[in-house]
Amino acid sequence: MAGKDIIMTKQKELKRLFIVRKVIAGEITQGEAATTAGMSGRQIRRIIKRIQEEGDRGIVHKSRGRASNRKKAPKLKDRVIALYRKKYMGFGPTLTAEKLLETKGIQLSDETLRVWLMEAGLWQKRRKHRTHRQWRPRKGHCGEMVQVDGSHHRWLEDRLDQEFCLMAFIDDATSRVYFRFYEYEGTIPAMDSFLRYIRRYGIPMSLYFDRHTTYKSPSAPSLADELNGTEPLSELGRALKELDVKIIHAYSPQAKGRVERLFGTLQDRLVKELRLQGICTIEEANRFLDHSYLMEFNRKFSIKASNEVDLHRPIPKGTDLTRILCIRTERVIRNDFTISHRGKLYQIEEALTKKKVTVEEHIDGTLRITHNDKRVAFRCILQRPETEREAIKKKLQRPAIQTPSMDHPWRRPYKKVAVKTNHSILEVSA
């Protein structure tokens, strides 16, 4: 808490507050709210009661900032790890917990011990078997899940001799769509299209992607990821996590068949519409989509959801979307207070205490450098300064030998010319 009227909350709590408000207003049931928020019905009822008594402050968890009453002493952890290394190397966490209780009288749950062993690098998480998948019905609410993908195609046929990408969003419950053209399928196009989508419809509860590197990071899990049971995130995944949007990855094109069938329809209908309009550039195509085509397409092909309540959340006030939907890269400051980023040098014009800064590449192409979440003044170095060694080497370097061109007078063949004098005729080479 900060003051009487300021509530310090997370995106996850704002999402829960939004759902609970829908329940209090009678727009959705407690069971639907529990399913959408991923909580039990008892927990939903408890939160509703707390919000009715305390107002919006009731959404903040009561144990925030307090240490757990069940936290084990650090000395016990060190003793257990030492015993494991000495006597129980190779034992599983469950068997080790049993042996510690039998021989040393130390009572620990196998899950606690598993976390301790993974933190010490003595145990690795085992993969689970793949779950069985089957056909599923549509979601009940608009905004509950949105499928997203990109399609490369010759959308302008021979009028623009290249393929480019159509980024598309389709709501699973209503088949309402939003799409826009880009030169490629990547992080910036995905962020830009998502920003335009949420400004038009609101923030959805979840997004359904394929396993393209834009949406799922190809990096191997770090030690912290293994300890926390998480996976490495792409830049888009990191931005969606900050907005508390659930990310679902498909293992096959058939799993996200709704958006794949949409591309089949658009590659037939939209290509012909663009041809009839005589559109020849990506900019003209996007203006056509925004002004008329999207509205008409949704009027023809979208349907009503089984439940009319829209679960798209409004963008929270004070949320800086430009700083969330951007590419963040950490860079080390050199001794001369410069950093290198994408083949360019940047001069930091402030004295900083730490050796690292964060470079933010925004959707509009601008660059921002931050240090401890504060903006830092910088300038781009257009030409790298010449070092003393390079200057001496350049001074001692011999001048390049210039070879005469083919039509130079030195290369012309000699011709004998007769010169007549008073007494005789002389032959002179010219």
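**Close-ups of a predicted model**

**View 1. A salt bridge joins D172 and R258.** In this predicted model, D172 pairs with R258 in a salt bridge, and their closest N and O atoms are 3.2 Å apart. The two partners come from distant parts of the chain, 86 residues apart. You'll find D172 in the loop between β3 (164-171) and β4 (177-182), while R258 belongs to helix α10 (residues 257-277). Are these two residues buried or exposed? Both D172 and R258 are buried.

**View 2. E330 and K356 bring two strands into one picture.** Here the salt bridge is between E330 and K356, with 3.7 Å between the closest N and O atoms. E330 sits in strand β8 and K356 in strand β11 (residues 356-361), so this pair ties together parts that are 26 residues apart in sequence. E330 is exposed, and its relative accessible area is 52%. K356, at 46% relative accessibility, counts as partly exposed.

View 3. Side chains of opposite charge can pair when their charged atoms come close.

**View 4. D158 meets R154.** The side chains of these two, D158 and R154, form a salt bridge at 3.6 Å, N to O. D158 is exposed, with 69% relative accessible area. If you went looking through the whole structure, how many salt bridges would a search find? The search finds 24.

**View 5. R50 is buried without a salt bridge.** Now take a look at helix α3 (residues 41-54), where R50 is found. R50 is buried, yet it has no salt bridge. What is the nearest side chain of opposite charge? That would be E54, 5.1 Å away from R50; a salt bridge needs the side-chain nitrogen and the carboxyl oxygen within 4 Å. Leaving aside residues up to four places away in sequence, R50 touches G55, G58, I59, V60 and K62.

**View 6. Helix α9 and its cover.** Helix α9 takes in residues 235-242, and its buried residues are L236, G237, R238, A239 and L240.

**View 7. Stepping back to the whole protein.** The protein has 13 helices and 16 strands. Its radius of gyration is 33 Å, well over the 22 Å that the globule rule gives for 430 residues, so the protein is more spread out than a compact globule. Along the principal axes, the C-alpha trace spans about 130 × 70 × 50 Å. Of the 430 residues, 39% count as buried. Among contacts with a separation of 6 or more, 63% are between residues 24 or more positions apart. The accessible surface comes to about 28,300 Å², and carbon and sulfur atoms account for 50% of that. As for charge, there are 85 positive and 54 negative charges, and their mean positions are 5 Å apart.

Note on methods: Residues are numbered from 1 along each chain as its sequence is written. This is a predicted model: local features need pLDDT of at least 70, side-chain atom pairs count only at pLDDT 80 or more; totals for chains, interfaces and linings use all residues. Side-chain values use heavy atoms; hydrogens and water are left out. Helices (H or I, at least four residues) and strands (E, at least two) are DSSP runs, numbered from the N terminus. The radius of gyration is taken over C-alpha atoms; the globule rule is 2.2 Å times the number of residues to the power 0.38. Buried means under 20% relative accessible area, exposed over 50%, partly exposed in between (1.4 Å probe, protein chains only). Contact means heavy atoms within 4.5 Å. Accessible areas come from the Shrake-Rupley method with a 1.4 Å probe; for residues, only the protein chains shown count as cover. Lys and Arg count as positive and Asp and Glu as negative; His and the chain ends are not counted. The place of a charge is taken as NZ of Lys, CZ of Arg, CG of Asp or CD of Glu.
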